[in-house]
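Please look at the structure below before reading the points.

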There are 2 protein chains.
Amino acid sequence: MEFKSQIELFKQLKESAGSHSPSMSTLMKSFENFSIKIDACFLSNPYATELFFSKFSEDVIRTNDIVKFLEYYPSQNDVIAKELSKALNIESDKILIGNGAIEIIQSLVNDEGVKKVMSILPTFSSYYEFVRVDTEVVYYYLNPEENFRLDVDDLIESVKINKPDTLILINPNNPDGSYIEQSEIERILINCMELKQVIVDESFIHFAYENESLDLVSSIGFLDRYPNLVIVKSMSKDFGIAGVRAGYGLMNAKRVLEFLSKGFLWNSNGLAEYFFNIYSTEEFRNQYELVRKKYIVETKKFIGTLSEIAEIKVFPSKGNFVLIQLPVSIDVDYFVGFFLFKYGIYMRTCSDKRSLENGGFIRLAARSIEENEYVLNCLNDFFNNHEILD
Amino acid sequence: MEFKSQIELFKQLKESAGSHSPSMSTLMKSFENFSIKIDACFLSNPYATELFFSKFSEDVIRTNDIVKFLEYYPSQNDVIAKELSKALNIESDKILIGNGAIEIIQSLVNDEGVKKVMSILPTFSSYYEFVRVDTEVVYYYLNPEENFRLDVDDLIESVKINKPDTLILINPNNPDGSYIEQSEIERILINCMELKQVIVDESFIHFAYENESLDLVSSIGFLDRYPNLVIVKSMSKDFGIAGVRAGYGLMNAKRVLEFLSKGFLWNSNGLAEYFFNIYSTEEFRNQYELVRKKYIVETKKFIGTLSEIAEIKVFPSKGNFVLIQLPVSIDVDYFVGFFLFKYGIYMRTCSDKRSLENGGFIRLAARSIEENEYVLNCLNDFFNNHEILD
């Protein structure tokens, strides 16, 4: 297939995947001898992936225990919650295990009593896409010119005016990486106690920090004081195990029980249960802490060097990704196709993201130090040589 | 731990697992050096498990592709449905992929417009447990004295009187194994066209047959004619891969779209996608057909020999399990604990199953020919030696 037709077909696949990226297996089926060098769509810490797979290989593959994990039913939801509670240091009855965070999101926004949702744009699209037909969604817009920084007072004002029953915050926000300090989160919670729920999605929280020692931050500590707080957490980003489907929600125990009474019985799977079991051990979490901090340090450096490229605007980020903005002269979907087939770099266009449709926004995942260097080199090559396809 | 205390603890674990069996991993955590010889709770074709794992080992473990399946997001629901449609020979837009059949069940009985459910007892408890608080459930009882055989005319009469919006049939029925011939299913469908949905759960249909060549039977062919028909299918029983979580629902395309609009985006996982991919190849399905029939033949033989034990009543079954009834003198939960710790056989008590609470009912899974023989020998040993614990 020719270069140009490849880019065209890619754009079509992107379109049919809706507001998400075409999966790796879809791409592999569509392009002969397709391989990418760097998946800069995929938001994960490669060092944690390495750590997980080395343990997995030892525990599950070498022992041939894989058969056991795939053959038998996983434990019921509350049994896995008990394991996970050791890692989170909260009561297990506040934990609802999900088949990925996406199942928790689906359940929260489809729940009875959800009539009006306030979503902050840009955002992860499922939050507004999965609502029922009769649920109203109001949007609160972050401003690129203010680096997508949330003005908490203005948001509180908007909540008072719009009176949603559900407020959704992603912290750090996807896809721009803006971070709301924990003291600010509490200020929002104090002012939103009348809402049915304030959802704080912490899927990227392991990459955020408020001090120089890069200690873990979280809103978990607020759960006791604010019973309408719900924390959503995907483990896919921390460990690069999206295919395992490990996620959870934290909320008041009564609400967990309500969900369990309607299902969520064996909604996990054998390997997700294995993951939660090792994550519940202090030894594994200590090993993880090292690679978590290593990755943050490298990500900071990557974003710093990226900012030196004059042609693009780079937004500040506390996620494991960074939002960049292309010059107006470049078509963003073309640019993404070009990088895919010319350099083997798979970038995430944001042209399908509400509020970022125009403006040439691309989200770049931070990868290993070598991969980041390759991405930087290719960007420099592109802009220095003006390689616009003829 | 002493034999008696083991039985006591086991009875407690059973209680806290509600209407399901304690999982293998729960049992292993609770009893030191716990191992069972035969899991006669676990409903699966061991020959198909062998077939699957031999392929899995070749494709996924030896190649180290396991990393790929666990690291990346699974494909979206419709992509996996396209693969599966090749195996089922129906349009992919009628397929909703589930994280196990249980997710489909949860969605169907929780759906908007479900106000009154008719469930046939005995049944798989999730069907009535997962309904919303304000949904009414009416029960239609099968009679042990008629071998749990469904009287279709009487059922149709009962539907006309009770006017449910949802009728649930499991075929063959779990836990008694009674089978409704396809012509009878159609007679029900013809008479239930005004219902919102008629759910036919075919999770055990691969073990049923209507002719001597043991060809696959199914109600899939009725989907076009009866748009309110929904077929639920777990693959756990056919292949012994409950930890993989592979199930699906078949229904009219409009309803699939309604579900997809509310979620179900990445509700599968990497290994379930792998399973559906190989299941979609004719080569694999041809290999499976051989072990499917082999297992049916052996199961028929097992049930036949079991019927010769004078002390128990054995009900006819077209599932891969058989319901037996103990003499009134024996406490069923004690019996199950005794078999677990004395013989290493894990049986499924039905004392937690609505309509089977009393009467000493136990469900026994058919296993490999050697395992079946061991179960038969232990039953004979028990009854011949009257080994009631002192």
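In this predicted model, the side chains of A:Glu112 and B:Arg132 form a salt bridge, at 4.0 Å from N to O (a salt bridge being a side-chain nitrogen of Lys or Arg within 4 Å of a carboxyl oxygen of Asp or Glu). The rule finds 1 salt bridge across the interface of chain B and chain A. The model is predicted, so local features need pLDDT of at least 70 and side-chain atom pairs count only at pLDDT 80 or more, while totals for chains, interfaces and linings use all residues. Side-chain values use heavy atoms, without hydrogens and water.

**Interface**

- Chain B and chain A each bring 60 residues to the contact (heavy atoms within 4.5 Å).
- About 4,600 Å² is buried between the two chains, with 58% from carbon and sulfur atoms (accessible area lost by two parts on being put together, 1.4 Å probe, summed over both).
- B:Leu70, B:Glu71 and B:Tyr73 supply 14% of the area that chain B buries against chain A, more than any other three residues.

**Second largest pocket**

- The second largest pocket holds about 850 Å³ of space (a pocket is an open set of points on a 1 Å grid over the protein atoms alone, where a 1.4 Å probe fits, with protein on both sides within 12 Å along at least five of seven lines; lining residues have an atom within 4 Å of a point).
- Of its 44 lining residues, A:Tyr73, A:Gln76, A:Trp266, B:His20 and B:Ser21 are the closest to the centre.

How values were computed. Residues are numbered from 1 along each chain as its sequence is written. Chains are lettered from A and ligands numbered from 1 in the order in which they are written. Grid points are joined across faces, edges and corners, and a volume is the space filled by probe spheres set on the points.
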